[in-house]
Amino acid sequence: RFSAHLPLVPKIDLIRVRAKRAQPASARINPCLPPITSQLVLVGRRPRISQVMSADAKEGKKLVKPGEDVSVYGLKDDLKTSVPWLPNFLHFPFFYFPYVINDWSARFVGMQVSITCIILGALFLADVNRGAIKWFSAMVFAGYVLRFGWGGNYSFFGAVGNVGARFCPAEVMAGAPKQFAALCGIMFSMSAMLGYFLGPFWLGPLFSFMLAGAAGMEGFLGFCVGCWFFENLLVPFNIVDNDFINKASSQVPLERKKFQDRFVRKSWESEEKENGTYRPFKKFKGYAPANTSVGRPLLVKYSDKTEHYREDDVNYFTHCKLSYMLPGLGWAAVAATFKQLYLQGLVPDQYPWVLMTIVGIVLFGTWAAFYMTKLVINPMRVIKDFEHKHDRYYAAGITIALILFGYLAQRENDDIARGLFWVGAMGNLFLTLWLLTRTFIHPISGGEITPAMTIPLLGNLLASVTLEQWLDWDSIPDLSYFLWAPSFVLWLLLAPGLLFKIMDSPALNPGLRVTVMTYIAAPALAASAYFTLSRSEDVIFFSLFFFSVLAELFCVMLFLANYFRANFNEGYWFAVFCLSAGFFPLLTFHLLRKTEFTYVWVMAHESVLLGMALILSGHTINNVVHGKWFRKWPGPVGALNWMTRLSHDAFRCGGAKLLELADDAITDYGGPAEDKKVKLDQFIELFDQYTVALDVHADFEDNVMFPAIDMYCPNRAKLAEGQHHQIHDSLAKIIAIVNNIKDPSKTAKTGAESETKAEGKEETEKKEEPKGSTEDLIKELIPLLKEFVAANNEHFVHEEDHIAHVFRKLMPSKEAKSLARKCFRRGSPEQWRKALPFIVTNQEYYSRRVNFLLSLRMAYPERMQLFGAWLYQGIDETLFQRLRVDIPELAPRHTQGHWRMW
């Protein structure tokens, strides 16, 4: 997955400039931008911050001093303000993403494009199913558009190319030339598509063969024609900023190489295990006794975390999830739409939907075998799956898949069709009633209110649609009305409340945002069921149908606005089912109108649906091959995660860096003496951030978190409080030594200070620091620092083993958010300005930085722009831009590209 890649903004102090009312708008200047003499306006898939350069910037001079009042720049005549000419979310940074790309992924894409274009051109010239070839050429064009505007992960060829690249040594290169090559591919693929649809019979194949040649040169020979033009045309004429491209493409690989193995145990834990010092806690002092009703469940189930719990675990049965059946459901839904096309004569052959049905059966059957094995060997995990606040709604996908397979068996084997229908429809009805009853008995919290709650209702609506073949049987129409009417009315009651909740909660979990597409599926299935039962073309059918069309257009806008920006997960297959549901009333509408426009609409919709299924299939294969599925993952990010494990990891990494810098400050590597001084300055700066962050962390633990723990488990935090006192005693000794290192005069001054002021001043100036005094202090510091860091890491492990799970298991999410807000208020703004950049910078890898900020957003969504301002001033520019892409709310106010939330 690419993570966006916007041009850099010079880092200066954020100063709000209020222009006078009489001042014309054209004279106002963004206070976060330097004087502009030449500007490259870039467009991109994310909110834009324009790249601005001046002659001084090119020479490497500092444009604005920290703290300088830049409002004076608004009075100059030669300044221009970069005013967005489109809404923020429609600006795209061409040739600025991704930062880097694996050349093997691009080469596998070129191979696939080359072979596909040759096959399409040859079959078209041989007059073999030219209608299908035209639409496949449109899909090739759409693939290039997706790779150009949103990255390779959004196209089928890109997803499959990543699978092949897993087996080749990574060759990292800048991504900007590849994006320009994709733009060239758009031109050729669009020409080929227009030639197939509108030109003479030879025009489309001609452009296909030309595209096949260029793509084949990249795929098979490793020579990228578009990259050659980029490097020899755009860069020499300064059309793009090559300096920024080089900086970005060199910085990201270094970071990825540093943390390339994400799935192994942490290095400090491995070292402790090798030394024999690491072991899980098994004895507890001051805890609730195990023989009491309060202490027994927590001690037995959660306190003793064995090494097996900590180790990475891949198991095809134990870690098989409910949502892994969604690929089978998705292909069954696509097969159902192709069967409808075949029955209506729009597709000449039935082998497409038969083949897709087989794929769906294989995927769903494989999942069923794994999950049934899980039910036998570990039934408690299955019960937990059905009790999960979000996953339990995906259980309706099982019954929906059975209903779809029953529909696909109609007219082929009615006995199987009826059996699958009754099992699926009655099972879905029971599941709907169970979930509704459970909601009344156990009221859900605000974080559980998502559109996923309506998935079981979609199954009932679908069941009423599939009864069309048997409507002439006795009582079947009544059953169809029973399945359709209550579910539709219940959806009408839930839909406005869910929509309000989504609009009121911008921090909706990105992994659940795909469930917004239920607003497509529900009215579409209701329209199809209504038409099936009434056979009337009245206002009800058209209202429901056009509501689903509007919902589709709205979801397209959400996609352009990067609303569905989460990493690929199996939940995205649910979008395939929702779009398939939207196909049924569309086909009915075409059969009623029978115009050329409706025909193109139907075929374009089906092409998008098939393309999405293929793209998600490539990602599914990639995840299975790469080992991202059937793996034990950490739990979802909650409002308290930023205070516990994520902050602990920052201290672990920061402690290791402190030891490394302290060692470098006294080790002679044969370099200049200035290098040691630089290392020492870096050590002092990092130690200052570390101690400030640790002080804030200990403050809210002692005054907020531990008292909250005592409410649920008395005395559970007693041992951790004692560790706090020991750690702070050790830290006091270290701070004293560091203060002496900061001010060497304290160790260098002599009795000459007692003489006259003038003489004392002269003699003090002549006094030199005793040779090696700073090194001696550092040598004295290192053993204490090692002991302190080890004790601190052990304390963190203790809290994670015996305290953190109490919040996760016992504390309601609403109370957890309130607790997180109280914790943040313990520190002063001055402390958080240092602590927040420290915690973000010292995470192990990039995704944990994103998780930290997502957790913080759950607690304090209204302050994200303030947090963004602190990060803007305290971290690297490139890292800030990457974070801002994944969390757009970070863009500080009064910087170009920010968008107002509150």
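1. Buried here means under 20% relative accessible area, exposed over 50%, and partly exposed in between, with a 1.4 Å probe and protein chains only. At 23% relative accessibility, D699 therefore counts as partly exposed; D699 lies in helix 25 (residues 673-712), helices being DSSP runs of H or I of at least four residues, numbered from the N terminus. D699 and C823 are 124 residues apart in sequence, yet their C-alpha atoms are 8.4 Å apart in space.

2. The model is predicted, with local features needing pLDDT of at least 70 and side-chain atom pairs counting only at pLDDT 80 or more, while totals for chains, interfaces and linings use all residues. Residues are numbered from 1 along each chain as its sequence is written, and side-chain values use heavy atoms, with hydrogens and water left out.

3. A nonpolar patch on the surface, with about 1,200 Å² of accessible area together, is formed by I115, I119, L123, V128, M217, F220, L221, F223, W228, F229, L233 and F237. Patch residues have over 30% relative accessible area and no salt bridge, and nonpolar side chains are joined within 5 Å; a salt bridge is a side-chain nitrogen of Lys or Arg within 4 Å of a carboxyl oxygen of Asp or Glu. Helix 2 (103-125), helix 6 (203-221) and helix 7 (225-234) each supply at least two of the patch residues. V128 sits in the loop between helix 2 and helix 3 (130-149), and at 39% relative accessibility V128 counts as partly exposed.

4. Helix 16 (residues 396-409) packs against helix 17 (residues 414-441) at an angle of about 155°, with the axes 7 Å apart. The two helices are therefore roughly antiparallel to each other, a term for angles over 145 degrees.

Technical notes:
Patch = residues over 30% accessible without salt bridge, like charges linked within 9 Å, V, L, I, M, F, W, Y side chains within 5 Å. Areas by Shrake-Rupley, 256 points an atom, 1.4 Å probe, with all protein chains shown as cover. Axes fitted to C-alpha atoms, helices over the stretch in contact; angles between N-to-C directions. Parallel < 35°, antiparallel > 145°, perpendicular 65-115°, else oblique.
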